[in-house]
Amino acid sequence: SHIFSQEINYCEAIGYKDFEIKESVAEGKKDVSILPDISTCRQCVSELFNPADRRFLYPFINCTNCGPRFTIIERLPYDRQNTTMKIFKMCKECQSEYEDINDRRFHAQPNACPVCGPDLELYDKNGNLLGKGHGVIERVINEIRNGCIVSVKGIGGFHLLCDAHNEEAVLTLRDRKRREEKPFAIMFPDIESVKKYAYVSKIEEAMLLSSESPIIILKKRDGCKIAPSVAPNIKKIGAFLPYSPIHHIILKNLPFPVAATSGNISDEPIIKDNNEALRMLKHFSDLILIHNREINSRCDDSVLKVI
């Protein structure tokens with residue numbers, strides 16, 4: 001476990017004999033903070049790429065230590081029936097994990113697997129369904145390799161992704177978004193690849209690897225291969241790492257980082273709903289990757305700079 005903060009209160013002893021998690025009672029004043037989303041933990045990433053694991057390449061893998069929170073909560077208390085995961089009935093194996101106090105997925109509200117959880121659908125810009133299931137990510141990867149722009153539904157909304165080495169693809173994205181100069185962020189597969197393109201201090205590395213997974217403003221290295229139009233006329237880039245399983249799978253299978261910008265019309269909120277994405281993002285992207293885990297509260301990426 002990891003302690004993020006600590007608050008001490010002195011209370012009268014009640015006399016409990018054991019520790020147990022009881023069913024929530026929807027009574028009285030609700031005085032609890034909403035938990036933030038947490039980037040995919042190392043254990044889940046390890047399982048994600050383990051061919052022997054039942055969640056191999058499953059783009060919604062999570063556990064008690066990671067996954068969506070704020071973006072799926074509809075009301076308090078934070079129980080599965082009060083989130084957008086309520087429509088997915090856990091299979092026997094997932095239910096067993098959820099109820100086992102010794103399991104890493106004990107009371108993990110978004111717990112799911114390919115048998116019982118959310119899944120993907122891929123559409124072209126004309127709204128035609130091209131395929132279902134996590135196998136469609138392979139086509140997304142190939143189209144990004146070919147210079148296409150793809151809208152991808154993540155945890156808090158949609159991203160527009162393209163090859164960060166491909167100047168033509170980046171210029172096309174700028175033209176479609178009517179975004180002349182504002183820099184695009186760059187998503188790298190891992191911290192080692194970030195260091196090949198930018199100078200990274202110890203504190204910047206810690207921030208990149210943190211559970212919040214923010215975009216960090218870094219100084220570019222000389223000879224950096226990033227397309228000039230990603231961040232025109234400036235010597236810095238906004239770098240971040242994959243923080244959802246979908247991002248991990250895509251970046252793991254590309255030989256280059258991707259330019260990533262919010263899926264929205266400039267100066268409007270990030271798009272989070274599937275129908276709106278199919279209607280609006282067709283103007284920006286060649287393919288649209290959606291999933292049926294609804295986003296209740298949109299959440300854009302944090303941007304930080306070390307001074």
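Biologist: In this predicted model, are Glu47 and Arg104 buried or exposed?
Modeller: The model is a predicted one, and the word buried is kept for residues with under 20% relative accessible area. Glu47 falls in that class, and Arg104 does too, so the term for both residues, by that cut-off, is buried.

Biologist: Which parts of the chain do Glu47 and Arg104 tie together, and how many residues apart in sequence are they?
Modeller: Side chains of opposite charge can pair when their charged atoms come close. Here Glu47 and Arg104 form a salt bridge, with 3.1 Å from N to O. Because Glu47 belongs to helix α1 (residues 42-48) while Arg104 sits in the loop between α2 (92-99) and β1 (120-124), the pair joins parts whose separation in sequence is 57 residues.

Biologist: Which helix holds the partner of Glu205 in its salt bridge with Lys195?
Modeller: The side chains of Glu205 and Lys195 meet at 3.1 Å, N to O. Glu205 lies in helix α6 (residues 202-208), so the pair ties this helix to a part 10 residues away in sequence, where Lys195 is found in helix α5 (residues 191-197).

Biologist: Why does Lys235 count as exposed?
Modeller: Lys235 belongs to a positive surface patch together with Lys219, Lys236 and Lys305, and its place in the chain is the loop between β7 (215-220) and β8 (236-240). A residue counts as exposed when its relative accessible area is over 50%, and Lys235 passes that cut-off because its relative accessibility is 69%.

Notes. Residues numbered from 1 in each chain as written. Predicted model: local features only at pLDDT ≥ 70, side-chain atom pairs only at ≥ 80, totals over all residues. Heavy atoms only, no water. Patch = residues over 30% accessible without salt bridge, like charges linked within 9 Å, V, L, I, M, F, W, Y side chains within 5 Å. Areas by Shrake-Rupley, 256 points an atom, 1.4 Å probe, with all protein chains shown as cover. Salt bridge = Lys/Arg side-chain N within 4 Å of Asp/Glu carboxyl O. Lys, Arg positive; Asp, Glu negative; His and termini not counted. Charge placed at Lys NZ, Arg CZ, Asp CG, Glu CD. Helix = DSSP H or I, 4+ residues; strand = E, 2+ residues; numbered from the N terminus. Buried < 20%, exposed > 50% of the residue type's maximum accessible area, 1.4 Å probe, protein only.
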